[in-house]
Amino acid sequence: MTLSARDLHLKRGGRALIGGIDLTLAPGELVCLLGPNGAGKSTLIRCLDGIWKPTSGHVAVDDRPLPSLHRAELARTIAYVPQHSGETMGLDVTQIVTLGRAAHRHRESAGARRALVAAALQRFALAPFAHRTFDSLSGGEKQRVLIARAAVQEARYLLLDEPTSALDLRHQLEALSQVRAMVDRTGVGALMAIHDLSAAARFADRIALMKEGRLVAMGDWRAILTPERLRDVFGVSAHVGEIKGVPYVLPTEVP
Amino acid sequence: MTQTRQPWLIAVAGAALLALALFATLQGVTQIGAVEALRALLSPILPSSWSADLVPQDVAILTRLRLPRTLLAAIAGASLAAAGVAMQGITRNPLVSPYTIGISPAASFGACLAILAMGERGLSGQVMLVGAAFVSALVCAVLVLGLASLRGISGTVLVLAGVGLSYLFGALTSTLQFIATEQQLAVIVHWAFGSVNGATWDGVLVTGMVLAACLPVLLAQAWALNAFAAGGDEVAASLGFAVMRTRVTVTLASVLMTAAVVSFAGVIGFVGLIAPHVGRLLVGGDHRRLLPFAAIVGAGLLLLADLAGRLLFAPVTVPVGIVVAYLGVPLFLHLLLRPRGRAS
Amino acid sequence: MKRSHIILSLLFALVLGAGAWLLSRGGGGSAPVVAAPGAFTFRDDVGRSVTVSTPLRRVAVFNRYDVEFVRAIAGTGVIAGVDAGTAKERAYWPGMERAAIIGQGQSTPNYDAIVALHPDLVLIPRNGSWAEAERILQPLGIPVAVVTAWDVLRHEENARLLGRLFERPEKAEELNRFYRHWRDLLAERLKGVTRKRVYMEEVADYRTLLPGSGWHDMIETGGGLNVFRDVRLDGENRGRGNVQGFTVDPEQVIARRPEVILKLEPGQYAPHPRAFSRSVLTGIAARPGFSELPAVRDGQVHHMSYYLAGGCSKIVGALQVAKWLYPERFRDVDPDAVMAEWLTRFQHVPAPGGYSASLGEFTS
């Protein structure tokens with residue numbers, strides 16, 4: 001029972017965005033997807049959720065091919081947290097989080113749905129914002145809402161596309177902790193594209209490293225985030241280590 | 001910003017609309033009392049003794065002149081508002097409306113073309129009229145809304161494209177004026193600005209049925225519209241909605257409603273812009289609530305505009321399309337120029 | 001929204017539709033015009049069959065020309081309502097202060113006002129919203145007749161019809177005699193004349209009038225040759241206007257070398273100030289290339305108010321044109337006097353005079 005990609009390729013406008021990706025995501029683990037801009041992280045995530053169709057290769061959810069799943073069923077299996085963008089035309093926090101139940105709405109009563117959403121708002125400390133418009137929130141609060149929406153989807157897999165890029169230090173830590181907590185508590189399998197190498201090393205069970213559309217390495221952070229690898233993939237020299245159990249990756253210079 | 005979410009707001013709005021409609025029906029050169037009016041309106045279903053003492057002329061005025069006009073204004077307002085809400089949800093753009101993206105002018109062109117081709121007699125002619133308006137409006141919608149789904153197109157560019165198409169179809173309609181005979185010209189000029197002056201029961205029936213059929217379709221898409229508003233195609237897909245199917249359904253319903261309205265009331269701008277805006281301010285962006293509320297606001301707005309057009313310069317009637325423009329243009333500019341959040 | 005909700009809503013739509021249909025059939029009922037003694041059926045300008053009881057006692061009339069005809073034949077007493085465009089010329093319509101306003105113009109009738117008048121008939125020209133008026137007023141029992149008084153080719157028919165409708169055949173015949181006298185005089189005096197080329201312009205610069213327009217007919221009845229009479233409205237010409245206003249290339253105007261230039265100006269009852277006419281005429285003469293035109297060289301540039309031009313199916317205008325074109329043939333004809341007769345005898349208003357001006361008056 002995994003979310004797996006096999007030999008995934010996607011070409012757009014003559015360019016290969018991703019090529020030959022093999023990846024498996026199991027429930028209960030947090031995998032961080034790393035790589036420089038343009039490495040294909042967002043592309044891969046979109047292919048995994050069926051938002052984009054790969055040119056070739058297969059995506060399978062729990063041994064079933066992705067195209068065979070009905071859209072709504074897919075939404076109950078995979079949840080997607082996008083990079084936040086755009087105005088939301090006056091929707092409030094409760095309504096945004098309620099959208100997470102969209103794929104479930106034909107199978108439950110309105111009351112049950114309201115209760116579920118209220119519980120999620122509590123869990124993510126969003127209850128004070130319940131009736132505020134989404135657009136009036138700060139970046140960190142917005143990200144919390146999107147994660148809460150994904151949580152409410154009650155999916156088995158969670159795909160997050162750079163959830164912390166626009167956040168300040170504290171909210172970065174909070175968001176990542178929340179995702180980690182979700183993985184640990186509910187057993188969802190989470191794949192998170194992220195820029196912050198130290199955070200990835202700290203929170204992930206496994207690291208997947210991408211470069212120019214290909215998966216170049218996968219495994220424990222100590223094996224993947226070596227200075228040689230970093231120079232090769234990111235083009236920077238860096239110190240890598242641990243302080244009191246917290247990993248760090250400190251870029252030093254461009255060689 | 002918090003919003004009122006009391007469900008009774010919709011009920012209150014509905015009641016206010018009914019009162020406004022009754023008031024509007026009573027306004028006119030011939031003075032008819034409210035009680036007499038109610039008796040006249042209910043006379044088909046009441047025992048004849050109730051309406052025996054009513055002046056037949058008054059009853060005829062109410063039921064053949066005033067009531068169709070009131071109803072057409074309300075239905076047109078509701079249709080344009082609902083279409084506006086739906087289009088704004090799909091494109092995540094508060095500047096989008098049947099008028100600003102050229103769909104109303106396109107429908108007008110189609111209707112004019114139909115008039116030139118066949119004259120405007122008979123109900124079968126009416127159906128062809130709406131059909132021609134629909135096809136023409138659909139062409140425009142495909143162009144503009146198709147543009148909206150392209151990645152990298154900013155909201156302002158979309159509206160600019162819509163304005164361009166507006167001009168194009170307006171120019172096409174003007175060209176038709178040149179090749180029209182005098183009689184046809186009089187009819188075509190009618191369409192340039194919207195008016196409910198010539199409202200008849202035929203028009204009320206057709207537009208009413210279209211509204212009654214399309215509004216539930218849009219309401220059924222309310223969840224999907226919320227998802228689109230929340231994050232566009234990708235988020236909607238990830239939440240389990242069939243993106244293409246939703247786009248097509250919403251576009252078809254919105255365009256059909258617009259085409260029906262334009263076929264009988266001409267081009268009325270800005271209702272599809274103002275009503276959704278007011279609706280969002282008062283009941284928020286949840287389409288399950290916004291759609292019916294904005295429809296009520298749109299109906300009321302057009303009723304008020306028609307009233308103003310009739311009463312302010314009596315006995316000269318200012319077409320409702322002109323009055324609405326005075327309200328709509330300042331709002332449009334405000335929406336265009338206000339600082340927005342991160343661009344979509 | 002659940003499937004059952006959709007079905008419910010569609011049912012609701014059907015019920016609404018049935019209700020609307022019911023309402024539209026009930027309430028007052030369709031009131032057909034009953035054929036009574038004194039009923040008269042005729043065919044109007046667009047071929048519709050209309051039945052009314054004669055003599056008509058109250059009519060609602062659209063368009064200034066229609067009102068003029070009614071006044072000439074039946075007087076102002078029968079006029080219950082006119083459009084705002086006509087009424088705003090207060091000085092021209094003494095005795096009609098109590099007439100109701102029935103809309104801005106023939107395109108936007110105020111049906112509420114019309115119905116309140118209970119008119120015996122509504123008169124509207126064929127370029128008005130007659131189809132809509134018929135649709136709305138017929139179920140209310142008010143007949144609509146399309147009478148296009150500005151159509152000069154139907155002058156005598158229209159006059160006779162109105163004479164029959166108001167039972168004033170002698171007045172109608174008087175009007176027709178007046179008209180025919182001047183029309184026949186024009187035809188006779190213009191026999192064998194070499195027609196002079198006339199360029200006629202309406203309000204906007206370089207906008208002329210083509211065959212099919214009443215003003216074109218006026219020029220040709222007056223013995224002129226519209227230099228743009230050969231223009232067909234097809235191909236690219238379609239985009240330049242219609243018979244009532246067609247934009248031409250300035251070079252074409254020069255190429256066609258008009259001998260007379262006629263500038264039509266919208267007017268009202270009061271004549272144009274002389275200073276205004278002067279600036280218009282000298283402005284035309286000063287246009288690039290125009291100084292070489294025979295019209296300008298001979299001072300044959302004339303400024304004419306629509307009011308004069310339109311009088312009595314434009315016969316007065318035609319007379320004035322003829323006099324300008326062939327003064328030697330019309331030495332004994334005074335168009336101002338004819339206009340005065342039209343105004344005093346048929347329209348019952350004094351004649352202020354001075355509706356036209358010529359370039360020759362301002363340049364010596």
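A contact is defined here as heavy atoms within 4.5 Å. By this criterion, two pairs of chains touch, and the most contacts are found between chains B and C. Chains A and C share no contact, and their closest C-alpha atoms lie 8 Å apart. The structure is a predicted model, in which local features need pLDDT of at least 70 and side-chain atom pairs count only at pLDDT 80 or more, whereas totals for chains, interfaces and linings use all residues. Residues are numbered from 1 along each chain as its sequence is written, chains are lettered from A and ligands numbered from 1 in the order in which they are written, and side-chain values use heavy atoms, with hydrogens and water left out.

Secondary structure was assigned from DSSP runs, numbered from the N terminus, with helices (H or I) of at least four residues and strands (E) of at least two; two strands are taken to pair if DSSP finds at least two bridges between them. Strand β9 (residues 206-211) of chain A pairs with β10(A) in the antiparallel sense over five bridges, and A:K211 stands opposite A:R214 in β10(A).

Chain A also contains a hairpin of β1(A) and β2(A), with two residues between the strands; A:G13 in the turn has a positive phi of about 55 degrees. Strand β1 (residues 3-12) and strand β2 (residues 15-25) of chain A are antiparallel and joined by seven bridges, with A:R12 opposite A:R15 in β2(A). A positive phi, near 55 degrees, is likewise found at A:A125, a residue other than glycine. A:A125 belongs to the loop between α4 (110-123) and α5 (139-152) of chain A.

Chain B comprises 13 helices and zero strands. Of its 344 residues, 60% are buried, where buried means under 20% relative accessible area, exposed over 50% and partly exposed in between (1.4 Å probe, protein chains only). Among contacts in chain B between residues at least 6 apart in sequence, 78% join residues at least 24 apart. Helix α12 (residues 287-311) of chain B includes B:A305, which is buried at 3% relative accessibility. With residues up to four places away in sequence not counted, B:A305 touches B:V320, B:V323 and B:V324. In the loop between α3 (56-91) and α4 (103-118) of chain B lies B:R92, which has a positive phi of about 55 degrees although it is not a glycine. B:R92 is also buried, at 10% relative accessibility.

In chain C, helix α13 (residues 335-346) has 12 residues and reaches 16 Å from its first C-alpha to its last, close to the 16 Å expected at 1.5 Å a residue, a span taken as 1.5 Å times one less than the number of residues. Its buried residues are C:P335, C:V338, C:M339, C:W342, C:L343 and C:F346. Seen down the axis of α13(C), these residues fall within an arc of 135 degrees and so line one face of the helix, the arc being that of the directions from the helix axis to the C-beta atoms. C:H348, which follows α13(C), has a positive phi near 60 degrees. Elsewhere in chain C, the peptide bond from C:T54 to C:P55 is cis, with omega near -5 degrees; C:P55 is located in the loop between β2 (49-53) and β3 (59-61) of chain C.
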